[in-house]
Amino acid sequence: MSLAASITVRRDGFTLDVELTAEPGEVVALLGPNGAGKTTTLRALAGLLQLDAGEITLDGVRLDPLPPEQRRIGVVFQDYLLFPHLSALDNVAFGPRCRRVPRAEARQNAQKWLDRVGLADHVRKKPRQLSGGQAQRVALARALASEPRMLLLDEPLAALDARTRLDTRAQLRGHLAAFPGATVLVTHDPLDALMLADRLVIIEDGRVVQTGDAATITAEPRTDYVARLVGLNLYHGRADGTTVTLPDGFTLITASASSASAVFVAFPPSAVSLYPSRPDGSPRNTWPATVMSVSRQGGSLRIELGGALPVAADVTPAAAVHLGLEPGREVWASVKATEVRAYQA
Ligand SMILES: Nc1ncnc2c1ncn2[C@@H]1O[C@H](COP(=O)(O)OP(=O)(O)OP(=O)(O)O)[C@@H](O)[C@H]1O
């Protein structure tokens with residue numbers, strides 16, 4: 001069931017205007033900062049919000065004129081929205097029952113789906129007797145039990161603690177792989193997106209700013225948000241051979257010449273070296289900088305630098321002590337041309 005959607009929704013002060021496609025079996029993650037329009041997109045697909053313009057088709061059939069219950073879409077909401085007074089089994093059987101599937105058949109089917117998500121022993125429990133991870137799996141079983149043509153997941157792991165999240169993410173990945181229809185999931189956790197999705201669609205301020213697989217997006221971010229997400233320093237400039245000039249006149253040298261003139265240049269914080277004074281036999285890209293902030297980043301320290309080129313650098317705690325890195329400290333920064341990647345803007 002392939003999805004093709006062109007969605008325009010206007011709300012006070014905010015306009016969502018996105019194009020979205022998903023192939024059968026494909027998992028597409030909508031990723032973006034708070035307020036970007038991810039949930040609005042999902043609600044429009046589910047039929048919980050009317051389009052102001054555009055259309056949504058699933059396998060060539062228009063969905064947008066249909067009410068939610070006729071769209072045959074499975075939805076897992078962030079807080080799962082399980083019925084508190086119904087058992088896990090009856091929560092899962094609820095959808096098919098509403099479609100007039102006989103009670104025994106609906107319950108048998110629910111049992112099958114709860115088995116599949118590993119909850120065979122919990123079918124009689126009410127939602128309040130389930131852990132967060134179990135409730136998430138009941139919600140997933142409920143969405144799948146209606147044999148939907150498409151699956152929509154809104155921050156499916158956000159309510160879980162870190163440990164449960166890890167296990168549940170791995171299981172969810174398996175269930176999504178087995179689902180034959182298109183899946184669209186919303187997250188603002190890049191790890192969820194990278195682990196669960198075949199393709200990422202980045203939404204900022206109501207617009208799609210970049211789309212592609214994880215490898216492409218992490219290698220060639222096109223906005224500051226995406227660059228921060230994947231942990232790269234990103235600039236926009238004009239290339240002339242191996243020299244890229246940034247808008248304020250700062251130049252960066254790359255190892256290979258660019259064919260495009262308008263380019264993005266990117267390099268990881270780990271490629272930035274810091275020195276107490278101007279290094280001898282300097283690499284081509286060397287400039288004086290001021291430490292703005294120091295924070296922990298995994299096993300290393302992330303140093304935000306101000307100056308001619310605002311940049312993030314990752315250094316070891318030992319190097320930070322040796323260099324006396326603290327806000328206000330003046331240092332020299334450098335990055336090798338071979339670490340600077342330029343690509344068409
Ligand atoms: N019921 C509403 N009425 C009017 N505007 C709304 C409503 N719900 C959301 N908005 C606005 O629509 C915009 C997009 O919100 P949306 O919830 O889709 O973003 P999001 O990307 O899902 O963000 P988050 O990650 O915070 O959930 C925001 O500017 C928000 O203020």
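Helix α2, residues 88–98, is mostly covered, since eight of its 11 residues are buried. Here a residue is buried if 20 or more other C-beta atoms lie within 10 Å of its own, exposed if 12 or fewer, and partly exposed in between, with C-beta atoms placed from the backbone. Helices (H or I, at least four residues) and strands (E, at least two) are DSSP runs, numbered from the N terminus. The model is a predicted one, in which local features need pLDDT of at least 70 and side-chain atom pairs count only at pLDDT 80 or more, while totals for chains, interfaces and linings use all residues. Residues are numbered from 1 along each chain as its sequence is written.

The buried residues of α2 are Ala-88, Leu-89, Asp-90, Asn-91, Val-92, Ala-93, Gly-95 and Pro-96. They pack against α3 (103–116) and α4, where a contact requires that the C-beta atoms of two residues, placed from the backbone, lie within 7 Å.

Two packed helices are described by the angle between their axes and the distance between the axes. Axes are lines fitted to C-alpha atoms, for helices over the stretch in contact, and angles run from 0 to 180 degrees between N-to-C directions. The axes of α2 and α4 come within 8 Å and cross at roughly 25°. That angle makes α2 roughly parallel to α4; angles under 35 degrees count as roughly parallel, over 145 as roughly antiparallel, 65 to 115 as roughly perpendicular and the rest as oblique. The crossing of α2 past α4 is right-handed, a term used if the near helix is turned clockwise from the far one by less than a right angle, with anticlockwise giving left-handed. From α2, Ala-88, Asn-91, Val-92, Phe-94, Gly-95 and Pro-96 meet Val-138, Ala-141, Arg-142 and Ala-145 in α4. This contact consists of seven nonpolar, two polar and one charged residues. In that division Ala, Val, Leu, Ile, Met, Phe, Trp, Tyr, Cys and Pro count as nonpolar, Asp, Glu, Lys and Arg as charged, and the others, Gly among them, as polar.

Helix α4 (residues 132–145) also meets helix α5 (residues 162–178), their axes coming within 10 Å and crossing at roughly 20°. Thus α4 is roughly parallel to α5. Gly-132, Gly-133, Gln-136 and Leu-140 of α4 make the contact with Thr-164, Asp-167, Thr-168, Leu-172 and His-175 of α5. The residues here divide into two nonpolar, six polar and one charged.

The largest nonpolar core has 66 residues, of which Ala-29, Val-92, Leu-114, Ala-141, Leu-152 and Val-184 touch the most other members. Such a core is a set of buried Ala, Val, Leu, Ile, Met, Phe, Trp, Tyr and Cys residues joined through C-beta atoms within 7 Å. Its largest share, eight residues, comes from α4. A second, separate core of 28 residues includes Leu-309, Val-315, Ala-333 and Val-335.

Arg-100 lies in the loop between α2 and α3. Its phi is near 70°, a positive value in a residue other than glycine. Most residues other than glycine have a negative phi. Arg-100 is exposed, with 7 other C-beta atoms within 10 Å.

Overall, the protein comprises nine helices and 20 strands. Of its 345 residues, 38% count as buried.
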